[in-house]
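Hello,

Here is the structure I promised to hand over. Please open it alongside this note.

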Amino acid sequence: MIQHIQTENAPLPAGHYSQATVTNGLIFVAGQLPIVPGSTEKKPGPIAIQARQVIENVRQILLAANSDLDHVLRVTIYISDMQLWGAVNEVYTAAFGTAKPARAIVPVNELHYGYAIEMTAIAAVKE
């Protein structure tokens with residue numbers, strides 16, 4: 001059985017996809033941009049602010065799926081410039097604390113709406 005997750009505490013999907021899907025105790029979070037939930041305004045801002053927002057969006061989706069950042073197994077982060085890696089890693093480290101999921105940071109040319117970061121995750125449902 002597959003459960004589709006949707007919470008108003010994270011940006012609602014703008015296309016034909018779910019914020020996350022849950023099956024067999026695993027949560028697959030769709031790529032999240034640093035959009036402020038409920039806002040129609042798209043203003044990228046400094047990378048540290050974008051990184052905090054994108055992690056918060058993922059966290060809210062995980063909470064809606066009965067999980068949290070401590071249960072994340074894998075993260076993929078897309079950034080528009082590898083020079084942003086240090087600032088992103090600093091925010092990421094603060095947010096995840098002692099949790100150290102497997103991670104990839106992938107440089108890309110550009111992201112939707114001019115944002116500099118996008119994040120997807122796979123997590124376990126809390127038992």
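Below is what turned up in the strands and helices.

This is a predicted model: local features need pLDDT of at least 70, side-chain atom pairs count only at pLDDT 80 or more, and totals for chains, interfaces and linings use all residues. Residues are numbered from 1 along each chain as its sequence is written, and side-chain values use heavy atoms, with hydrogens and water left out.

Strands first. Helices (H or I, at least four residues) and strands (E, at least two) are DSSP runs, numbered from the N terminus. Strands pair if DSSP finds at least two bridges between them. S2 (residues 20-23) pairs with S3 (residues 26-32) in the antiparallel sense, over four bridges. Thr-21 has Phe-28 in S3 as its bridge partner. The two strands form a hairpin with two residues between them. Asn-24, in the turn, has a positive phi of about 50°. S3 also runs antiparallel to S6 (residues 117-124), joined by five bridges. There, Ile-27 is partnered by Ala-123 of S6.

Gln-32 lies in S3. Is Gln-32 buried or exposed? Gln-32 is buried (under 20% relative accessible area; exposed is over 50%, partly exposed in between; 1.4 Å probe, protein chains only), at 3%. Leaving aside neighbours within four places in sequence, its contacts (heavy atoms within 4.5 Å) include Pro-11, Val-54, Asn-57 and Glu-118.

Now the helices. H1 (residues 47-64) packs on H2 (residues 85-96) at an angle of about 35°, with the axes 9 Å apart. Axes are lines fitted to C-alpha atoms over the stretch in contact, and angles run from 0 to 180 degrees between N-to-C directions.

Best wishes
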